[in-house]
Structures are given as C-alpha cells and as structure tokens.
Amino acid sequence: MVLVSPGGWRSLWHGAVGVIGDYRFTGAGLGSTTMVLSTYVYLLHGGYISNVHNIYLALALEQGLPGLIAFLFLMLTAGAALVRAARRGVAPLPIQGAIAAALVALLAHGLVDAALYASRLAPLIFVPVGLAWAAGGRVHGRTLEAKGRRLLLAMT
C-alpha cells in the first residue's frame, strides 16, 4: 500500500470523483478500487493505491451513489436513535456518549481516510450503528410485548 500525503489527497480525490461519474449507479464493485484507479486514473498496469482515503468517496466508487446514500441513511438513523434514547432515558448517559463519540469519530475520520472500509475489518463500521439502535430502545416494543402476552394467555 502506498501512503498518500495530505497534499496528494486532492489529486487522488479528483481522480476518484471522475471515476464515480462513470459508475454512479452501480459502483465499480467491492474491492475494485486498486484496479479501477490504476486503469482509469493513473494508467498503470498494476495496482498502485489501494483506497481513496475518504470513506464517502470510497463508498460512492465501489457501491455507487445508492450505496453512499444508504450509508448516510444508516448514520442518520443511528443519530436519531441516540436522540430518542436521550429523550426517553433508555440507556445510561455515559453509554450514549460513548456511542455518539464512536459515530462522530467514524464520520470525521472518514473524511481523511478509508482504511477501515478498505480492510477486512469493514463490518466493524456497523458496530456503532447497531449500538445506537439498541440504545434507542424499541419504538413499539411495549405494545408488541403486550400483544404477545395476551396471545400466550389466550393459548393457555
């Protein structure tokens, strides 16, 4: 893997945006960033740079704009779940703060690097989202529990 200086990010991102325009709906495919950048941007025979050092551009490049929109929607719903948890007092405040810090760190760090997304540890991106959803509590859980209890009582 080649390290890119912060000054080189701009040219790398500029090249990635051009490739995203070619694959805006379908994406180039998961794990294809190295060959797509080498073939289209740098005109090299072999792989040169493994990721675009921006998670948003990486998502749009590999999964298309629908994939990027879905990712942003997941993050938005995770934030909404944390707000709901804070209003309802479902989860302890330190846990909510830790989850919010993890989400903010993921989104902020994603502006300058996509190493987690480009590695085999990519599923870890969704851990803070799942924790936020769990902290948000159930929206209709009590009514479902009550219906389930009534059903069990009716069966006995």
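Q: Why does Ala114 count as buried in this predicted model?
A: Buried means under 20% relative accessible area. Ala114 has 2% relative accessibility, so Ala114 counts as buried.

Q: Where is Ala114 found, and which residues does Ala114 touch?
A: Ala114 is found in the loop between helix 4 and helix 5. Leaving aside residues up to four places away in sequence, Ala114 touches Asn51, His53, Asn54, Ile55 and Ala58. Contact here means heavy atoms within 4.5 Å. Asn51 is 63 residues from Ala114 along the chain, and the C-alpha atoms of the two are separated by 6.7 Å.

Q: Is His53 buried or exposed, and what makes it so?
A: The relative accessible area of His53 is 6%. The cut-off for buried is under 20%, so His53 is buried. His53 is placed in the loop between helix 2 (33-41) and helix 3 (55-88).

Q: Why is Leu30 called exposed?
A: Exposed means over 50% relative accessible area. Leu30 has a relative accessible area of 67%, and is therefore exposed.

Q: Which residues does Leu30 touch, and where in the chain is Leu30 found?
A: Leu30 is found in the loop between helix 1 (6-22) and helix 2. Not counting residues up to four places away in sequence, Leu30 touches Glu62, Gln63 and Tyr117.

Q: Is Arg10 buried or exposed, and how do you know?
A: Arg10 has a relative accessible area of 68%. Since exposed means over 50%, Arg10 is exposed. Arg10 lies in helix 1. The C-alpha atoms of Arg10 and Val52, 42 residues apart along the chain, are separated by 9.9 Å.

Q: Why does Leu116 count as partly exposed?
A: Buried is under 20% and exposed is over 50%, with partly exposed in between. Leu116 is at 32% relative accessibility, so Leu116 counts as partly exposed. Leu116 lies in helix 5 (residues 115-118).

Q: What makes up the nonpolar surface patch of about 410 Å²?
A: The patch is made by Leu116, Leu121, Leu124, Val127 and Leu131. A patch takes residues with over 30% relative accessible area, and Leu116 is at 32%.

Q: How do helix 3 and helix 6 pack, and which residues make the contact?
A: Helix 3 and helix 6 pack at an angle of about 35°, and their axes are 7 Å apart. From helix 3, the contact is made by Leu74, Met75, Thr77, Ala78, Ala81, Leu82 and Ala85. From helix 6, Val129, Ala132, Trp133 and Ala135 take part. The crossing of helix 3 and helix 6 is left-handed.

Q: How do the axes of helix 4 and helix 6 lie, and which residues meet?
A: The axes of helix 4 (residues 93-109) and helix 6 (residues 127-135) come within 9 Å and cross at roughly 145°. Their crossing is left-handed. Ile99, Ala102 and Leu103 in helix 4 meet Pro128, Val129, Leu131, Ala132 and Ala135 in helix 6.

Q: How many helices and strands does the chain have, and what pattern does the chain follow?
A: The chain has seven helices and zero strands. Read along the sequence, the pattern is α-α-α-α-α-α-α.

Q: What part of the chain counts as buried, and what makes up the accessible surface?
A: Of the 156 residues, 33% count as buried. The accessible surface of the chain comes to about 9,700 Å², and 70% of that belongs to carbon and sulfur atoms.

Q: Among contacts between residues at least 6 apart in sequence, what percentage join residues at least 24 apart?
A: Among those contacts, 73% join residues at least 24 apart.

Technical notes:
Residues numbered from 1 in each chain as written. Predicted model: local features only at pLDDT ≥ 70, side-chain atom pairs only at ≥ 80, totals over all residues. Heavy atoms only, no water. Helix = DSSP H or I, 4+ residues; strand = E, 2+ residues; numbered from the N terminus. Buried < 20%, exposed > 50% of the residue type's maximum accessible area, 1.4 Å probe, protein only. Areas by Shrake-Rupley, 256 points an atom, 1.4 Å probe, with all protein chains shown as cover. Patch = residues over 30% accessible without salt bridge, like charges linked within 9 Å, V, L, I, M, F, W, Y side chains within 5 Å. Salt bridge = Lys/Arg side-chain N within 4 Å of Asp/Glu carboxyl O. Axes fitted to C-alpha atoms, helices over the stretch in contact; angles between N-to-C directions. Left-handed = near helix turned anticlockwise from the far one by under 90°.
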